[in-house]
Amino acid sequence: QLELLDRIQPVAPAPRAEVTTGKPAMSAAPPRTVAPPPSVESGVRVQKVRYWSNPSYTRIVLDLSGKAEFVANVLGSSSDGSQGYRLYVDLKKTRPGTGVPGEIKISDGLLKQVRTGYSGGKTRVVLDLNSLGDYKVFALGNPNRVVIDIRGDQTATAKSSPPASRGSGPASGQDDIARLLKPGASPTKPLPGNTKKNGIPVIVVDAGHGGKDPGAIGKGGTYEKTVVLALAKKLRKELKKIMKCEVILTRDRDVFLDLAERTAIANKHSADIFISIHANATKSRKPYGIETYFLNLAKEDKAAELAAKENGTSLQEVSNLEAILFDLMANSKINESSRLAAAVQLSLVQNMKKKYSYIKDLGVRQGPFYVLLGATMPSVLVETAFISNPREEKRLMNATYQTRAAAAIAAGIKAYAQQMNLVASR
(Lines give C-alpha, C1' and ligand atoms only; values in the text may rest on other atoms or scores of the structure.)
Protein backbone atom coordinates (compact mmCIF):
# COMPACT_ATOMS: atom_id res chain seq x y z
CA GLN A 1 0.00 0.00 0.00
CA LEU A 2 2.86 2.39 0.72
CA GLU A 3 4.31 1.70 -2.73
CA LEU A 4 0.95 2.53 -4.28
CA LEU A 5 0.78 5.74 -2.27
CA ASP A 6 4.28 6.86 -3.24
CA ARG A 7 3.74 6.02 -6.90
CA ILE A 8 0.90 8.54 -7.02
CA GLN A 9 2.32 11.09 -4.64
CA PRO A 10 6.11 11.53 -4.33
CA VAL A 11 6.53 13.82 -1.36
CA ALA A 12 8.58 16.96 -2.05
CA PRO A 13 10.34 19.22 0.47
CA ALA A 14 7.87 21.60 2.04
CA PRO A 15 8.04 25.20 0.81
CA ARG A 16 6.93 27.98 3.12
CA ALA A 17 3.30 28.33 2.17
CA GLU A 18 -0.04 28.24 3.92
CA VAL A 19 -2.48 27.74 1.09
CA THR A 20 -2.78 25.59 -2.01
CA THR A 21 -4.69 26.82 -5.02
CA GLY A 22 -4.80 25.61 -8.55
CA LYS A 23 -6.43 24.78 -11.84
CA PRO A 24 -6.83 21.16 -12.94
CA ALA A 25 -4.42 19.52 -15.37
CA MET A 26 -5.02 16.56 -17.67
CA SER A 27 -2.49 14.47 -15.76
CA ALA A 28 -1.06 14.37 -12.27
CA ALA A 29 0.61 17.69 -11.51
CA PRO A 30 3.66 18.05 -9.26
CA PRO A 31 2.43 17.96 -5.67
CA ARG A 32 2.26 21.11 -3.59
CA THR A 33 3.33 20.53 -0.03
CA VAL A 34 1.94 22.99 2.48
CA ALA A 35 3.79 23.72 5.67
CA PRO A 36 1.63 24.11 8.78
CA PRO A 37 2.14 26.59 11.57
CA PRO A 38 4.99 25.74 13.99
CA SER A 39 4.79 22.94 16.57
CA VAL A 40 3.17 20.25 14.42
CA GLU A 41 1.87 17.51 16.67
CA SER A 42 2.39 13.79 16.13
CA GLY A 43 -0.41 11.27 16.39
CA VAL A 44 -3.03 13.70 15.13
CA ARG A 45 -6.49 12.27 14.38
CA VAL A 46 -8.85 13.25 11.59
CA GLN A 47 -11.93 13.51 13.77
CA LYS A 48 -14.63 14.37 11.27
CA VAL A 49 -15.25 15.04 7.56
CA ARG A 50 -17.95 17.66 6.95
CA TYR A 51 -19.23 19.01 3.65
CA TRP A 52 -21.54 21.54 2.02
CA SER A 53 -22.08 21.00 -1.67
CA ASN A 54 -24.17 21.90 -4.69
CA PRO A 55 -23.62 21.33 -8.45
CA SER A 56 -21.14 24.23 -8.71
CA TYR A 57 -19.55 24.57 -5.27
CA THR A 58 -18.22 22.33 -2.51
CA ARG A 59 -16.59 23.05 0.83
CA ILE A 60 -15.06 20.12 2.72
CA VAL A 61 -13.84 20.65 6.29
CA LEU A 62 -11.48 18.10 7.86
CA ASP A 63 -11.61 18.51 11.64
CA LEU A 64 -8.28 17.57 13.25
CA SER A 65 -7.21 16.89 16.81
CA GLY A 66 -4.03 18.94 16.25
CA LYS A 67 -1.87 20.63 13.62
CA ALA A 68 -0.69 18.60 10.64
CA GLU A 69 1.28 19.06 7.46
CA PHE A 70 -0.66 18.38 4.29
CA VAL A 71 -0.12 17.98 0.56
CA ALA A 72 -2.84 18.63 -2.04
CA ASN A 73 -2.82 17.53 -5.67
CA VAL A 74 -5.13 16.82 -8.62
CA LEU A 75 -5.32 13.83 -10.92
CA GLY A 76 -6.80 14.84 -14.27
CA SER A 77 -9.75 13.18 -15.96
CA SER A 78 -9.08 10.38 -18.44
CA SER A 79 -9.27 11.07 -22.17
CA ASP A 80 -12.05 8.51 -22.64
CA GLY A 81 -14.17 10.01 -19.85
CA SER A 82 -14.12 6.83 -17.77
CA GLN A 83 -12.43 8.57 -14.84
CA GLY A 84 -13.24 12.08 -13.63
CA TYR A 85 -11.04 14.52 -11.75
CA ARG A 86 -9.76 13.48 -8.34
CA LEU A 87 -8.46 16.00 -5.83
CA TYR A 88 -6.66 14.44 -2.91
CA VAL A 89 -5.15 15.72 0.30
CA ASP A 90 -2.49 13.78 2.21
CA LEU A 91 -2.26 14.60 5.92
CA LYS A 92 1.11 13.56 7.32
CA LYS A 93 1.46 11.82 10.68
CA THR A 94 -2.29 11.47 11.08
CA ARG A 95 -4.85 8.69 11.34
CA PRO A 96 -8.60 8.70 10.66
CA GLY A 97 -10.64 8.68 13.85
CA THR A 98 -13.03 5.83 14.58
CA GLY A 99 -16.05 7.89 13.53
CA VAL A 100 -14.69 8.85 10.10
CA PRO A 101 -16.35 6.84 7.31
CA GLY A 102 -14.26 5.32 4.52
CA GLU A 103 -16.67 6.70 1.96
CA ILE A 104 -19.32 9.41 1.85
CA LYS A 105 -21.59 9.33 -1.21
CA ILE A 106 -22.79 12.77 -2.34
CA SER A 107 -23.52 12.69 -6.12
CA ASP A 108 -24.83 16.26 -6.39
CA GLY A 109 -23.52 17.00 -9.88
CA LEU A 110 -20.09 18.26 -8.80
CA LEU A 111 -18.87 15.98 -6.03
CA LYS A 112 -19.47 12.25 -6.44
CA GLN A 113 -18.01 11.06 -3.16
CA VAL A 114 -15.37 11.60 -0.48
CA ARG A 115 -13.10 8.69 0.37
CA THR A 116 -10.74 8.41 3.33
CA GLY A 117 -7.93 5.91 3.85
CA TYR A 118 -4.69 5.40 5.77
CA SER A 119 -1.23 4.06 4.87
CA GLY A 120 2.35 4.71 5.84
CA GLY A 121 1.58 7.26 8.53
CA LYS A 122 -0.63 9.36 6.25
CA THR A 123 -4.37 9.91 5.99
CA ARG A 124 -5.50 10.43 2.41
CA VAL A 125 -8.80 12.15 1.65
CA VAL A 126 -9.90 11.84 -1.98
CA LEU A 127 -12.64 13.88 -3.64
CA ASP A 128 -14.08 12.22 -6.75
CA LEU A 129 -15.38 15.03 -8.98
CA ASN A 130 -17.45 15.37 -12.11
CA SER A 131 -15.67 18.62 -13.03
CA LEU A 132 -13.11 21.00 -11.59
CA GLY A 133 -12.73 24.72 -12.26
CA ASP A 134 -10.40 25.77 -9.46
CA TYR A 135 -9.72 24.90 -5.85
CA LYS A 136 -8.16 26.16 -2.62
CA VAL A 137 -6.86 24.16 0.33
CA PHE A 138 -5.89 25.94 3.54
CA ALA A 139 -5.47 25.31 7.26
CA LEU A 140 -7.16 27.12 10.11
CA GLY A 141 -6.55 26.87 13.84
CA ASN A 142 -8.55 26.88 17.06
CA PRO A 143 -10.00 24.42 16.32
CA ASN A 144 -7.52 22.84 13.92
CA ARG A 145 -8.97 22.01 10.53
CA VAL A 146 -8.15 21.86 6.84
CA VAL A 147 -10.64 23.52 4.50
CA ILE A 148 -11.05 22.49 0.85
CA ASP A 149 -13.02 24.85 -1.42
CA ILE A 150 -13.88 23.66 -4.94
CA ARG A 151 -15.62 25.42 -7.81
CA GLY A 152 -16.95 23.30 -10.66
CA ASP A 153 -16.09 23.86 -14.30
CA GLN A 154 -19.03 25.91 -15.57
CA THR A 155 -18.29 24.85 -19.16
CA ALA A 156 -18.36 21.17 -18.37
CA THR A 157 -21.25 19.09 -19.60
CA ALA A 158 -23.74 17.64 -17.17
CA LYS A 159 -22.62 14.12 -18.03
CA SER A 160 -20.80 12.27 -15.32
CA SER A 161 -18.90 9.03 -15.40
CA PRO A 162 -20.64 5.87 -14.12
CA PRO A 163 -20.88 5.70 -10.34
CA ALA A 164 -17.86 4.04 -8.82
CA SER A 165 -18.41 0.95 -6.71
CA ARG A 166 -18.20 1.54 -2.99
CA GLY A 167 -14.58 2.42 -2.20
CA SER A 168 -13.16 0.45 -5.12
CA GLY A 169 -12.90 2.88 -8.06
CA PRO A 170 -13.97 2.25 -11.65
CA ALA A 171 -12.06 -0.95 -12.23
CA SER A 172 -9.42 -3.08 -10.58
CA GLY A 173 -5.92 -1.86 -11.45
CA GLN A 174 -7.08 1.53 -12.79
CA ASP A 175 -7.36 3.52 -9.60
CA ASP A 176 -4.43 3.19 -7.20
CA ILE A 177 -6.12 5.63 -4.84
CA ALA A 178 -9.14 3.34 -4.56
CA ARG A 179 -6.96 0.37 -3.64
CA LEU A 180 -5.47 2.38 -0.81
CA LEU A 181 -8.86 3.25 0.60
CA LYS A 182 -11.09 1.04 2.66
CA PRO A 183 -14.81 0.57 1.95
CA GLY A 184 -17.58 1.25 4.38
CA ALA A 185 -19.33 4.48 5.15
CA SER A 186 -22.44 6.14 6.41
CA PRO A 187 -23.49 9.27 4.50
CA THR A 188 -23.96 12.58 6.25
CA LYS A 189 -27.02 14.69 5.65
CA PRO A 190 -26.39 17.59 3.23
CA LEU A 191 -27.86 21.05 3.56
CA PRO A 192 -30.87 21.95 1.40
CA GLY A 193 -30.06 22.77 -2.21
CA ASN A 194 -29.64 26.17 -3.77
CA THR A 195 -32.83 28.21 -3.52
CA LYS A 196 -32.05 30.89 -6.12
CA LYS A 197 -34.76 31.03 -8.77
CA ASN A 198 -36.15 33.32 -11.45
CA GLY A 199 -33.19 35.68 -11.14
CA ILE A 200 -34.25 36.82 -7.64
CA PRO A 201 -31.24 37.89 -5.54
CA VAL A 202 -30.31 35.66 -2.62
CA ILE A 203 -29.14 37.35 0.58
CA VAL A 204 -27.69 35.32 3.46
CA VAL A 205 -27.91 36.94 6.89
CA ASP A 206 -25.66 35.51 9.58
CA ALA A 207 -26.38 36.07 13.27
CA GLY A 208 -22.99 35.83 14.95
CA HIS A 209 -22.13 33.33 17.67
CA GLY A 210 -24.87 31.11 19.14
CA GLY A 211 -25.29 27.99 21.25
CA LYS A 212 -22.22 27.31 23.39
CA ASP A 213 -20.65 30.53 22.07
CA PRO A 214 -22.41 33.51 23.70
CA GLY A 215 -20.17 36.10 22.05
CA ALA A 216 -19.52 39.25 24.07
CA ILE A 217 -21.47 39.72 27.30
CA GLY A 218 -22.60 43.17 28.43
CA LYS A 219 -22.25 44.54 31.94
CA GLY A 220 -25.99 43.95 32.39
CA GLY A 221 -25.63 40.30 31.41
CA THR A 222 -26.86 40.66 27.80
CA TYR A 223 -25.51 38.02 25.42
CA GLU A 224 -24.34 39.13 22.01
CA LYS A 225 -25.72 35.91 20.49
CA THR A 226 -29.23 36.82 21.67
CA VAL A 227 -29.44 40.39 20.40
CA VAL A 228 -27.84 39.68 17.02
CA LEU A 229 -30.27 36.81 16.41
CA ALA A 230 -33.17 39.18 17.07
CA LEU A 231 -31.57 41.71 14.71
CA ALA A 232 -31.04 39.09 12.00
CA LYS A 233 -34.68 38.01 12.12
CA LYS A 234 -35.83 41.63 11.86
CA LEU A 235 -33.39 42.23 9.01
CA ARG A 236 -34.83 39.27 7.11
CA LYS A 237 -38.31 40.75 7.53
CA GLU A 238 -37.18 44.23 6.39
CA LEU A 239 -35.32 42.91 3.34
CA LYS A 240 -38.34 40.94 2.19
CA LYS A 241 -40.49 44.04 2.65
CA ILE A 242 -38.36 46.46 0.62
CA MET A 243 -36.70 44.11 -1.89
CA LYS A 244 -37.84 41.26 -4.08
CA CYS A 245 -35.30 38.78 -2.78
CA GLU A 246 -34.78 35.45 -1.06
CA VAL A 247 -33.37 35.79 2.47
CA ILE A 248 -31.68 32.88 4.23
CA LEU A 249 -30.60 32.91 7.87
CA THR A 250 -27.55 30.84 8.78
CA ARG A 251 -29.29 30.22 12.10
CA ASP A 252 -32.82 31.04 13.22
CA ARG A 253 -32.46 29.83 16.81
CA ASP A 254 -29.87 29.56 19.56
CA VAL A 255 -27.52 26.97 18.03
CA PHE A 256 -23.77 26.85 17.53
CA LEU A 257 -22.40 27.04 13.99
CA ASP A 258 -18.78 26.69 12.99
CA LEU A 259 -17.49 29.85 11.27
CA ALA A 260 -16.53 27.84 8.18
CA GLU A 261 -20.11 26.54 7.99
CA ARG A 262 -21.61 30.03 7.86
CA THR A 263 -19.62 31.00 4.76
CA ALA A 264 -20.27 27.60 3.22
CA ILE A 265 -24.02 28.14 3.56
CA ALA A 266 -23.74 31.39 1.61
CA ASN A 267 -21.58 29.80 -1.09
CA LYS A 268 -23.79 26.73 -1.32
CA HIS A 269 -26.84 28.88 -1.96
CA SER A 270 -24.94 30.95 -4.56
CA ALA A 271 -25.83 34.05 -2.53
CA ASP A 272 -25.46 37.51 -4.02
CA ILE A 273 -24.77 39.13 -0.64
CA PHE A 274 -23.55 37.79 2.72
CA ILE A 275 -23.87 39.93 5.84
CA SER A 276 -22.80 38.87 9.34
CA ILE A 277 -24.38 40.72 12.29
CA HIS A 278 -22.40 41.31 15.51
CA ALA A 279 -22.16 43.53 18.59
CA ASN A 280 -18.82 45.07 19.46
CA ALA A 281 -17.06 44.94 22.82
CA THR A 282 -13.95 46.24 24.56
CA LYS A 283 -12.54 46.01 28.07
CA SER A 284 -13.45 49.64 28.63
CA ARG A 285 -17.11 50.64 28.97
CA LYS A 286 -16.55 54.01 27.27
CA PRO A 287 -16.20 53.22 23.53
CA TYR A 288 -19.39 53.33 21.45
CA GLY A 289 -20.42 53.55 17.82
CA ILE A 290 -21.02 51.66 14.59
CA GLU A 291 -18.48 50.14 12.21
CA THR A 292 -18.62 47.79 9.22
CA TYR A 293 -15.85 45.46 8.07
CA PHE A 294 -14.92 43.63 4.89
CA LEU A 295 -12.27 40.94 4.45
CA ASN A 296 -8.71 42.15 4.02
CA LEU A 297 -5.46 42.46 5.91
CA ALA A 298 -5.83 44.34 9.17
CA LYS A 299 -4.61 47.91 8.70
CA GLU A 300 -4.42 48.65 12.42
CA ASP A 301 -4.08 46.83 15.75
CA LYS A 302 -7.71 47.52 16.67
CA ALA A 303 -8.96 45.63 13.62
CA ALA A 304 -6.65 42.70 14.37
CA GLU A 305 -7.87 42.59 17.98
CA LEU A 306 -11.50 42.60 16.87
CA ALA A 307 -10.80 39.85 14.33
CA ALA A 308 -9.20 37.77 17.07
CA LYS A 309 -12.31 38.24 19.23
CA GLU A 310 -14.77 37.33 16.48
CA ASN A 311 -12.59 34.45 15.24
CA GLY A 312 -12.19 33.08 18.75
CA THR A 313 -8.40 33.07 18.28
CA SER A 314 -5.27 34.79 19.53
CA LEU A 315 -3.58 37.76 17.87
CA GLN A 316 -0.77 35.42 16.79
CA GLU A 317 -3.27 33.21 14.97
CA VAL A 318 -4.71 36.28 13.25
CA SER A 319 -1.17 37.06 12.09
CA ASN A 320 -0.82 33.51 10.75
CA LEU A 321 -4.13 33.89 8.93
CA GLU A 322 -3.03 37.11 7.26
CA ALA A 323 -0.07 35.27 5.75
CA ILE A 324 -2.42 33.19 3.58
CA LEU A 325 -4.94 35.91 2.72
CA PHE A 326 -3.13 37.04 -0.42
CA ASP A 327 -3.96 33.73 -2.11
CA LEU A 328 -7.40 33.29 -0.58
CA MET A 329 -8.73 36.73 -1.48
CA ALA A 330 -8.28 36.36 -5.24
CA ASN A 331 -12.00 35.65 -5.71
CA SER A 332 -13.38 37.27 -2.56
CA LYS A 333 -14.95 40.34 -4.24
CA ILE A 334 -12.88 42.87 -2.30
CA ASN A 335 -14.01 45.92 -4.28
CA GLU A 336 -17.69 44.92 -4.19
CA SER A 337 -17.44 44.12 -0.48
CA SER A 338 -15.96 47.55 0.27
CA ARG A 339 -18.86 49.19 -1.61
CA LEU A 340 -21.39 47.07 0.28
CA ALA A 341 -19.72 47.96 3.59
CA ALA A 342 -19.81 51.67 2.72
CA ALA A 343 -23.51 51.56 1.77
CA VAL A 344 -24.50 49.69 4.94
CA GLN A 345 -22.37 51.90 7.21
CA LEU A 346 -23.72 55.13 5.69
CA SER A 347 -27.34 54.04 5.95
CA LEU A 348 -26.99 52.68 9.47
CA VAL A 349 -25.30 55.80 10.82
CA GLN A 350 -27.52 58.34 9.07
CA ASN A 351 -30.80 56.61 9.89
CA MET A 352 -29.96 55.92 13.54
CA LYS A 353 -28.81 59.53 14.06
CA LYS A 354 -32.32 60.66 13.16
CA LYS A 355 -33.73 58.80 16.16
CA TYR A 356 -30.92 58.63 18.72
CA SER A 357 -28.19 60.79 20.19
CA TYR A 358 -24.61 59.60 20.67
CA ILE A 359 -24.41 57.69 17.39
CA LYS A 360 -20.74 57.62 16.41
CA ASP A 361 -19.56 56.76 12.90
CA LEU A 362 -16.47 54.58 13.31
CA GLY A 363 -16.27 54.05 9.56
CA VAL A 364 -15.60 51.20 7.16
CA ARG A 365 -12.68 49.02 8.12
CA GLN A 366 -10.99 45.85 6.96
CA GLY A 367 -9.77 42.77 8.78
CA PRO A 368 -9.12 39.01 8.54
CA PHE A 369 -12.40 37.50 9.75
CA TYR A 370 -12.88 33.73 9.52
CA VAL A 371 -16.60 34.12 8.88
CA LEU A 372 -15.88 36.02 5.63
CA LEU A 373 -13.05 33.74 4.51
CA GLY A 374 -13.76 32.00 1.21
CA ALA A 375 -17.01 33.85 0.53
CA THR A 376 -17.52 34.12 -3.24
CA MET A 377 -19.95 37.02 -3.04
CA PRO A 378 -19.74 40.57 -1.58
CA SER A 379 -19.64 40.02 2.17
CA VAL A 380 -19.40 42.24 5.24
CA LEU A 381 -19.44 42.06 9.02
CA VAL A 382 -21.47 44.73 10.82
CA GLU A 383 -20.67 45.74 14.40
CA THR A 384 -24.03 47.32 15.19
CA ALA A 385 -23.13 48.80 18.61
CA PHE A 386 -20.92 48.20 21.65
CA ILE A 387 -22.54 45.74 24.01
CA SER A 388 -19.78 46.66 26.49
CA ASN A 389 -21.14 50.24 26.62
CA PRO A 390 -24.07 50.48 29.10
CA ARG A 391 -26.08 52.90 26.93
CA GLU A 392 -25.67 50.82 23.78
CA GLU A 393 -26.28 47.55 25.65
CA LYS A 394 -29.72 48.88 26.67
CA ARG A 395 -30.42 49.92 23.08
CA LEU A 396 -29.44 46.52 21.71
CA MET A 397 -31.95 44.90 24.07
CA ASN A 398 -34.75 47.22 22.92
CA ALA A 399 -37.06 45.83 20.21
CA THR A 400 -37.68 49.26 18.68
CA TYR A 401 -33.95 49.92 18.36
CA GLN A 402 -33.48 46.49 16.79
CA THR A 403 -36.24 47.17 14.25
CA ARG A 404 -34.80 50.58 13.33
CA ALA A 405 -31.28 49.19 13.01
CA ALA A 406 -32.54 46.32 10.84
CA ALA A 407 -34.45 48.76 8.61
CA ALA A 408 -31.32 50.93 8.24
CA ILE A 409 -29.13 47.95 7.31
CA ALA A 410 -31.75 46.75 4.83
CA ALA A 411 -31.86 50.21 3.23
CA GLY A 412 -28.09 50.12 2.84
CA ILE A 413 -28.21 46.69 1.23
CA LYS A 414 -30.92 47.84 -1.16
CA ALA A 415 -28.90 50.94 -2.12
CA TYR A 416 -25.89 48.74 -2.87
CA ALA A 417 -28.00 46.24 -4.81
CA GLN A 418 -29.40 49.04 -6.97
CA GLN A 419 -25.89 50.36 -7.63
CA MET A 420 -24.81 46.90 -8.79
CA ASN A 421 -28.04 46.29 -10.77
CA LEU A 422 -28.99 43.33 -8.60
CA VAL A 423 -32.53 44.73 -8.21
CA ALA A 424 -34.68 47.25 -10.00
CA SER A 425 -34.33 50.84 -8.80
CA ARG A 426 -38.04 51.05 -8.13
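User: How much space lies in the largest cavity?

Analyst: About 40 Å³. Keep in mind that this is a predicted model.

User: What makes that space a cavity and not a pocket?

Analyst: A cavity is a set of points where a 1.4 Å probe fits but cannot get out, whereas a pocket is an open set. The structure holds one cavity of 30 Å³ or more.

User: Which residues line the largest cavity?

Analyst: R59, F138, L140, R145, V147, L259, A260, Y370 and L373. Strand 11 (134-140), strand 12 (145-151) and helix 4 (259-268) each give at least two residues to that lining. By class there are seven nonpolar, no polar and two charged residues. Arg counts as charged, so R59 and R145 belong to the charged class.

User: Why is E310 called buried?

Analyst: Its relative accessibility is 6%, and buried means under 20%, so E310 falls on the buried side. E310 is part of helix 5 (residues 301-311). Leaving out residues up to four places away in sequence, E310 touches H209, E224, L259, H278, A279, F369 and E383.

User: How do you know that E310 and H278 make a polar contact?

Analyst: Their side chains are joined at 3.0 Å, and the cut-off for a pair of N or O atoms is 3.5 Å. E310 and K309 also have a side-chain polar contact, again of 3.0 Å. Residues adjacent in sequence count only if both atoms are side-chain atoms, and the E310 to K309 contact is between side chains.

User: What about helix 9: what span does it reach, and what is expected?

Analyst: Helix 9 (residues 399-419) has 21 residues and reaches 30 Å from its first C-alpha to its last, close to the expected 30 Å. Among its buried residues are Y401, A405, A408, I409, G412 and Y416. In general, an α-helix has 3.6 residues a turn, so residues three or four places apart point the same way. The buried residues of helix 9 pack against several elements, including helix 3 (224-242), helix 7 (334-353) and strand 18 (379-386).

User: What makes N398 a cap, and which end of helix 9 does it cap?

Analyst: N398 caps the N-terminal end, with a side-chain oxygen 2.9 Å from the backbone nitrogen of T400. After helix 9 comes N421, with a positive phi near 60 degrees.

User: Why is S107 called exposed, but S270 partly exposed?

Analyst: S107 has a relative accessible area of 56%, and exposed means over 50%, so S107 is exposed. S270 has 23%, which lies between the 20% and 50% limits, so S270 counts as partly exposed. S107 has a positive phi of about 50 degrees although it is not a glycine, and lies in the loop between strand 8 (103-105) and strand 9 (111-119). S270, also not a glycine, has a positive phi near 50 degrees and is found in the loop between helix 4 and strand 15.

User: Where is the cis peptide bond, and what is its omega?

Analyst: The cis bond runs from N142 to P143, with omega near 5 degrees. P143 lies in the loop between strand 11 and strand 12.

Note on methods. Residues numbered from 1 in each chain as written. Predicted model: local features only at pLDDT ≥ 70, side-chain atom pairs only at ≥ 80, totals over all residues. Heavy atoms only, no water. Helix = DSSP H or I, 4+ residues; strand = E, 2+ residues; numbered from the N terminus. Buried < 20%, exposed > 50% of the residue type's maximum accessible area, 1.4 Å probe, protein only. Polar contact = N/O pair within 3.5 Å; in protein donor to acceptor, adjacent residues only side chain to side chain. Contact = heavy atoms within 4.5 Å. Expected span 1.5 Å × (residues − 1). 1 Å grid on protein atoms, 1.4 Å probe; cavity = no way out; pocket = protein on both sides within 12 Å on 5 of 7 lines; lining within 4 Å. Points joined across faces, edges and corners; volume = space filled by probe spheres on them.
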